[in-house]
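Student: I am new to this structure and would like to get to know it step by step. Could you show it to me and take my questions as they come?

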Amino acid sequence: MKLAVPIEDLIIGIICGLLLIGYTERYFSLKLNNTVYVIAFIVYCIFIVLDIMYEFSDLTTHFGFIVFSILHNLADLVLSLAFISHFSGWNMPYITGLIVPYLQNEAFLFGAGIYLIAANVIWLVIYPFTY
């Protein structure tokens, strides 16, 4: 269920994390139109869903790797949906009410960007050792 390479979702996750860090203007400034962030996170959600489907279709790797990969993807999916709701104003049940209020804090946006970068870099380093 991958389009080009097995790590495409990780690369997009790192890019989305860099977009968030640029949005906070803490290390560099990258304030873009909210539509750009919505599109970036929608694309990321699509690749997350493809990765989850791929994990279920290819059960040849270690069981722990598959479980942690799915948990990581679910966490990224919820976070991405929250950012879509935040930047677009769309109301999503549970996500808009529970997570989006935290996104008003710039420190949380920065931390989420760091999480996206760090977690996806870790999976990028681990991935070659799974086969």
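Student: Is Asn120 buried or exposed?
Tutor: This is a predicted model, where local features need pLDDT of at least 70, side-chain atom pairs count only at pLDDT 80 or more, and totals for chains, interfaces and linings use all residues. Residues are numbered from 1 along each chain as its sequence is written, and side-chain values use heavy atoms, with hydrogens and water left out. Buried means under 20% relative accessible area, exposed over 50%, and partly exposed in between (1.4 Å probe, protein chains only). Asn120 has 1% relative accessibility, so Asn120 counts as buried.

Student: Which residues does Asn120 touch, not counting residues up to four places away in sequence?
Tutor: Asn120 is found in helix α5, residues 106-126; helices here are DSSP runs of H or I with at least four residues, strands are runs of E with at least two, and both are numbered from the N terminus. Contact means heavy atoms within 4.5 Å. With residues up to four places away set aside, the partners of Asn120 are Leu10, Gly13, Ile14, Tyr44, His72, Asp76 and Tyr115.

Student: How do α3 and α5 run relative to each other?
Tutor: Axes are lines fitted to C-alpha atoms, for helices over the stretch in contact, and angles run from 0 to 180 degrees between N-to-C directions. The axes of α3 and α5 come within 12 Å and cross at roughly 150°. Angles under 35 degrees count as roughly parallel, over 145 as roughly antiparallel, 65 to 115 as roughly perpendicular and the rest as oblique. α3 and α5 are therefore roughly antiparallel.

Student: Which residues of α3 and α5 make the contact?
Tutor: From α3 come Phe65, Phe68, Ser69, His72, Ala75, Asp76, Leu79 and Phe83. From α5 come Leu109, Ala112, Tyr115, Leu116, Ala119, Asn120, Trp123 and Ile126.

Student: At what angle do α2 and α3 pack?
Tutor: Helix α2 covers residues 34-57 and helix α3 covers residues 63-88. Their axes lie 9 Å apart. α2 and α3 are roughly antiparallel to each other, and the packing angle is about 160°.

Student: Where does Tyr27 lie, and is Tyr27 buried or exposed?
Tutor: Tyr27 lies in the loop between α1 (8-24) and α2. Leaving aside neighbours within four places in sequence, Tyr27 is in contact with Ile21 and Phe110. The relative accessible area of Tyr27 is 65%, so Tyr27 is exposed.

Student: What is the phi of Tyr94?
Tutor: Most residues other than glycine have a negative phi. Tyr94 sits in the loop between α3 and α4 (95-98), and with 68% relative accessibility Tyr94 counts as exposed. Although Tyr94 is not a glycine, its phi is positive, at about 70°.

Student: What about Glu25: how accessible is it?
Tutor: Glu25 is in the loop between α1 and α2. Glu25 is not a glycine, yet it has a positive phi of about 60°. At 43% relative accessibility, Glu25 counts as partly exposed.

Student: How many helices and strands does the chain have?
Tutor: Reading from the N terminus on, the elements run α-α-α-α-α. That makes five helices and zero strands.

Student: What radius of gyration does the chain have?
Tutor: The radius of gyration is taken over C-alpha atoms, and the globule rule is 2.2 Å times the number of residues to the power 0.38. With 131 residues, a compact globule would have a radius of gyration near 14 Å. The value for the chain agrees with this: 15 Å.
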